[in-house]
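The structure is shown first, and the ligands are then taken in turn.

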Amino acid sequence: MNNLTFPILKLLADGKFHSGEDIARQLKVSRATVWNALQYADKLGIEVFSVRGRGYKLPQAVTLLDEQVILNMLGEQRIWLKLEIHDHLESTNTYLMKKLSDGQSHANCVAANLQTNGRGRRGRTWQAGLGVSLTFSLLWRFPCGASALSGLSLAVGVALVRALHSFGITQAQLKWPNDVLVVDKNMRREKLAGILIELQGDMEGPSTAIIGVGVNLNLSEKIKQQIDQPAIDLASVATHTINPNELLGVLLKNLLEVLENFEQNGFANMYDEWVTHHAYHLQQVRMLMPDGREILGMVQGIAEDGNLLVETSNGLQRFASGEISLRDVVL
Ligand code: ATP
Ligand code: BTN
């Protein structure tokens, strides 16, 4: 931990060179202290160029999170959303899970400029980096029990697609149960965003959901190499630059609307919309089973409770989220 690392990174966020002397003067510390603080940035996986005679520089300009811009995008909804912005967290989901027992409030959103130990489902890793991805989690308390929340990750997907489409990313589609993909005209599917929902509470209720979302903004080559599936970012698909703060504001606005609707009407209400954006509708898929087996099938659609319907050699089968992972059939 080094308290100066993020103040220095904020000065470097413009992507330009800053001399060690200038940084030291602005922060009222020695040049050696600046150097030390940037050693810690390196430990966090943040690349900072250091050129003799010119100073320090990030590989590219980054837009850091800004509470006011995010809240302004929320309109009236801002009144009851509690937003926390952190420079660095290991995982926004883990942070909120740990805070649950402190009675963390409803509609509490935690976003991090840098997440270094992001989690996917079943112990998988979510890769992120400073300014290269949006990582946040929202805590939502439901009066009902976990059994009534089976369609929640699908509902959250609807909110993400609505937000992305409003930024012109109309190629964004949904992969059951928790991913947002971009599908190009050759039917190549690449993952743009992921959703991780963790539940706590009784089956009968009440329950609390920690809804974690990661959206790729501008992945570095280094990060792409660490991802073992086709991945894509907004910078590659958007026709104009998208401000991450505006994106987060619009994502939250859509999430709040969808969650209120889900709470009152369940997933059935968003079923048609989800199906419209379904990336694998009537497509051949491989299904990875938890025991390592692979089964081939043709996706028929989803049931009203959010389960996946697949025609396999054993007939029409239903799968609940957590039972299988879908993969493309490799030709
Ligand atoms: P499923 O959700 O269907 O079980 P999945 O393999 O997508 O399958 P998840 O837990 O949803 O699994 O997501 C984690 C996976 O996402 C990682 O194992 C990795 O393959 C991929 N991944 C990790 N970081 C990123 C990223 N920034 N962008 C795109 N994909 C990523
Ligand atoms: C997935 O595709 O399986 C889910 C990825 C979810 C990643 C987000 S990033 C913010 C939040 N914090 C985490 O540790 N994970 C989620």
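This is a predicted model: local features need pLDDT of at least 70, side-chain atom pairs count only at pLDDT 80 or more; totals for chains, interfaces and linings use all residues.

In the side chain of Ser91, a polar atom is found 2.7 Å from an oxygen atom of ligand 2. The side chain of Thr92 places an N or O atom 3.2 Å from a nitrogen atom of the ligand. Arg119 takes part through its backbone, where a polar atom lies 2.7 Å from an oxygen atom of ligand 2. On its own, ligand 2 has 410 Å² of accessible area, of which the protein covers 98%. The space that ligand 2 takes is the largest pocket.

Attention now turns to ligand 1. Its shell holds 18 residues, with Arg121, Arg124, Asp228, Ser325 and Arg327 the closest. Seven of the shell residues are charged, seven are polar and four are nonpolar. β6 (125–126) and β16 (325–328) each provide at least two residues of this shell, and β16 gives the most, with three. Because domain 2 (67–276) and domain 3 (280–328) both give residues to the shell, ligand 1 lies between them.

Ligand 1 likewise has polar contacts with the protein. An N or O atom in the side chain of Asp228 is 2.4 Å from an oxygen atom of ligand 1. A polar side-chain atom of Asp179 is 3.1 Å from an oxygen atom of the ligand, while a polar backbone atom of Gln127 is 2.9 Å from a nitrogen atom of ligand 1. Taken alone, ligand 1 exposes 610 Å², and 96% of that area is buried by the protein. Ligand 1 sits in the largest pocket.

| Residue and part | Ligand atom | Distance |
|---|---|---|
| Ser91, side chain | ligand 2, oxygen | 2.7 Å |
| Thr92, side chain | ligand 2, nitrogen | 3.2 Å |
| Arg119, backbone | ligand 2, oxygen | 2.7 Å |
| Gln127, backbone | ligand 1, nitrogen | 2.9 Å |
| Asp179, side chain | ligand 1, oxygen | 3.1 Å |
| Asp228, side chain | ligand 1, oxygen | 2.4 Å |

Key: Residues are numbered from 1 along each chain as its sequence is written. Chains are lettered from A and ligands numbered from 1 in the order in which they are written. Side-chain values use heavy atoms; hydrogens and water are left out. A residue is near a molecule or strand if one of its heavy atoms lies within 4 Å of it. A polar contact is a pair of N or O atoms within 3.5 Å; within protein, one must be able to donate a hydrogen and the other to accept it, and residues adjacent in sequence count only if both atoms are side-chain atoms. Accessible areas come from the Shrake-Rupley method with a 1.4 Å probe; for residues, only the protein chains shown count as cover. On a 1 Å grid over the protein atoms alone, a cavity is a set of points where a 1.4 Å probe fits but cannot get out, and a pocket is an open set with protein on both sides within 12 Å along at least five of seven lines; lining residues have an atom within 4 Å of a point. A molecule sits in a cavity or pocket if more than half of its atoms lie within 2 Å of its grid points. Helices (H or I, at least four residues) and strands (E, at least two) are DSSP runs, numbered from the N terminus. Ala, Val, Leu, Ile, Met, Phe, Trp, Tyr, Cys and Pro count as nonpolar, Asp, Glu, Lys and Arg as charged, and the others, Gly among them, as polar. Domain bounds come from an automatic or database domain assignment.
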